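Colleague: I am new to this structure. Could you take me through the terms used for it, one by one?

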Amino acid sequence: MEENMITGCFTVYCRKWKSYHAKKKRDKRREGLRKEDYIIKDQKDATLGRVPGTVNGQQFLVQNCENCNIYVFDHSAAINIDDCVNCNFFLGPIKSSVFIRDCKNCKFILSCQQFRTRDCNKIDIFLCCNTQPIIEASSGMRFGCYQYFYPELADHFKSAGVTVFNNNWGNIHDFTQDPDEQHFSNLPEDAKIEDFLSIPLAEEFSKMNISLDVSKSVVPKTHGNRRKPSDESTLVVFFNDGSCSARAFSFINAMRSSHQECTLIQTKEVELKPEDAQRVFNTDSYNNIVQQGAVIGMEYNGDDCVETCKTEALNFMKGSVGLVFVSQSQSEAEKQIEDFYNFADMQMAV
């Protein structure tokens, strides 16, 4: 009894000691931070922002700006945008949430874990969001798939914990649904980033090496919830071998370059247990390899996409130890896509 009490007291002491020193580290990191470095407010007719290394995971705030181009080329903890009119934004990866309130006639390119708007009107967004985006008391909202590149961006995604393959840009939840009015829609499929937000020419951004080339984008461009071009789809899965993300992007670029008749509908990165793999693939052949880490699944759509993806996957397996799964027939693909994405959605909702 006495020994258990001593052990318990020691455990509590250790927890308090760890908590105390964790707080000390956080406080030390905050020393020397200036509030004004993390706020942009009361600006008009200006181009301004932050370059890599200047935000570095802190919270950020934009307030009361008009006719501005605002660029935050860094990762942040959270961002609030309030009372902005006729402004254009690029926001680097956001670890938790971006909350846009009381804004109108604005355009955004942003990536985050959570996205929400309230009391907004006529907003265009190229979005990468790891959870379901939410709009409230907002109208004239148009969404498209995030596309952007600068050299530090991939590391900024990792620092923010935002996964480029789990993009729910088109899966919008409207808290204020109206049977007589649709508050959101998709941007045109051929919408180009440069028509909405230009590359900044200001001297402070001159060395950013920004590219709007789709093939360089850190986030793959997906079709989302738009109507599918064809009745035929297939599932392609890259298994974790330490480089499956790079192989997945190489596959996507090869398909875009050589097989434009096939459209990338959606992607998901998710961990599978052996029993999950057996249910999705209807075989135990992948039960061991799924234990090596998260897999990347893709749905492609288009006439003859099953055979096209099978052929392209065989080319990628030549000289590679990485394993790729492709549905073998259209009938099998329908069930495999449903099982894989239903499982992925359930995992992300946990």
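Modeller: Of the 350 residues in the protein, 47% are buried. This is a predicted model, in which local features need pLDDT of at least 70 and side-chain atom pairs count only at pLDDT 80 or more, while totals for chains, interfaces and linings use all residues. Residues are numbered from 1 along each chain as its sequence is written, and side-chain values use heavy atoms, with hydrogens and water left out.

Colleague: What makes a residue buried?

Modeller: A relative accessible area under 20% makes it buried; over 50% is exposed, and partly exposed lies in between (1.4 Å probe, protein chains only).

Colleague: What counts as a strand or a helix?

Modeller: Both are DSSP runs numbered from the N terminus: helices (H or I) have at least four residues and strands (E) at least two. The protein has 6 helices and 16 strands. Strand S11 (residues 173-174) holds Asp-174.

Colleague: Why is Asp-174 said to have no salt bridge?

Modeller: A salt bridge needs a side-chain nitrogen of Lys or Arg within 4 Å of a carboxyl oxygen of Asp or Glu. Lys and Arg count as positive and Asp and Glu as negative, with His and the chain ends not counted. The nearest side chain of opposite charge, Arg-116, is 9.7 Å away from the buried Asp-174, so there is no salt bridge.

Colleague: What makes the pairing of Asp-174 with His-183 a polar contact?

Modeller: A polar contact is a pair of N or O atoms within 3.5 Å; within protein, one must be able to donate a hydrogen and the other to accept it, and residues adjacent in sequence count only if both atoms are side-chain atoms. The two side chains are 2.7 Å apart, so the distance qualifies. The side chain of Asp-174 also reaches the backbone nitrogen of Thr-176 at 3.0 Å.
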